[in-house]
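Trainee: I have a new structure to read, and I would like to learn how to do it step by step. Could we go through it together?

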Amino acid sequence: MNYSKTPGKRGKSGKVVYKVVHGRGKFEIKSLWEKLNAIHRKESVYFKRYFEKLHFRQRMKVLTGKRLRVETAELKGRMIGYCVSSMHRGTGEIESLIVDSKYRGYGVGKRLVSNALRWFKKNHSKKEQLRVVFGHESVLPFYMSQGFFPREIELRKK
Ligand SMILES: CC(C)(COP(=O)(O)OP(=O)(O)OC[C@H]1O[C@@H](n2cnc3c(N)ncnc32)[C@H](O)[C@@H]1OP(=O)(O)O)[C@@H](O)C(=O)NCCC(=O)NCCS
């Protein structure tokens, strides 16, 4: 358990506690993941149906085979954010990240990303990457402030 006095600033009011969760604990992120999926459903330009049909278990299943790290941010025992990251064949990837809307802008997202980056480096990553849903470009300035820049646009056959 890792207490942060100043994750940038304090959370809305109080200490934000960052925890790496194991085993079935990762299923506790489900309700926040659903909020993230709702954002993707709303903002995706060409794949709304995909996000409408996507379920948490399916999303987790896709990650099977990769080494996963799930970190949550809690305030007064309530989960206010999480980051799922993976390591696979030398690539560190931020798979899923959200901070609950009321708690954005307090440095929680930045802290979750920097913790993931530290884990990648510890595991000798050769490359670090993430994907952003086409249509959800509003998040790019955040990622760019953390050192991630757009490189290619992946197209997928529907
Ligand atoms: C993206 C997200 C995780 C950022 O979390 P957060 O806790 O609000 O971010 P932080 O407070 O740590 O912000 C870190 C820095 O990025 C900046 N920032 C945050 N969101 C930003 C945005 N949308 N545009 C520009 N800058 C942004 C902050 O100003 C801050 O800058 P500073 O360090 O110079 O003060 C959060 O906005 C979120 O959950 N968004 C919806 C879900 C989402 O888009 N997830 C990513 C899917 S790919």
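Mentor: Gladly! Let us begin with a term: a crossover is right-handed if, with the strands pointing away from the viewer, the path from the first strand over the helix to the second runs clockwise. Keep in mind that this is a predicted model.

Trainee: Which β-α-β unit do E5, H4 and E6 make, as to its hand?
Mentor: Start with the strands: E5 and E6 run parallel and are joined by four bridges. Helix H4 covers residues 108-122, and strand E6 covers residues 127-130. Together, E5, H4 and E6 make a β-α-β unit that is right-handed.

Trainee: Which residue in E6 stands opposite Ile 94?
Mentor: E5 covers residues 91-99, and one of its pairings with E6 sets Thr 91 opposite Lys 127. Further along, the residue in E6 that stands opposite Ile 94 is Leu 130.

Trainee: In which sense do E4 and E5 pair?
Mentor: Look at the hairpin of E4 and E5, which has two residues between the strands; there Arg 89 takes a positive phi near 50 degrees. Across the two strands, Ser 86 stands opposite Glu 93. Eight bridges link E4 and E5, and the sense is antiparallel.

Trainee: How many of the nine residues of E5 are buried?
Mentor: A residue counts as buried if 20 or more other C-beta atoms lie within 10 Å of its own. E5 is largely enclosed by the rest of the structure, because the number of its residues that are buried is seven.

Trainee: Is Lys 48 buried, exposed or partly exposed?
Mentor: Lys 48 is found in helix H2, residues 48-53. Buried needs 20 or more other C-beta atoms within 10 Å, and exposed needs 12 or fewer. Lys 48 has 14, so Lys 48 is partly exposed.

Trainee: Which class supplies eleven residues of the shell around the ligand?
Mentor: In total, 19 residues surround the ligand, and Arg 104, Gly 109, Lys 110, Pro 141 and Phe 142 are the closest. H1, E5, H4 and H5 each supply at least two residues of that shell. Six residues of the shell are polar and two are charged, while the class with eleven is nonpolar.

Trainee: Over which residues does pLDDT stay under 50?
Mentor: For the protein chain the mean pLDDT is 91, and 92% of its residues reach 70 or more. Where pLDDT is low, the predicted coordinates should not be read in detail. The stretch under 50 has 18 contacts beyond four places in sequence in the model, and it covers residues 1-8.

Notes:
Residues numbered from 1 in each chain as written. Predicted model: local features only at pLDDT ≥ 70, side-chain atom pairs only at ≥ 80, totals over all residues. Near = placed C-beta within 6 Å. Nonpolar A, V, L, I, M, F, W, Y, C, P; charged D, E, K, R; others polar. Pairing = 2+ DSSP bridges. pLDDT = per-residue confidence, 0-100. Contact = placed C-beta atoms within 7 Å.
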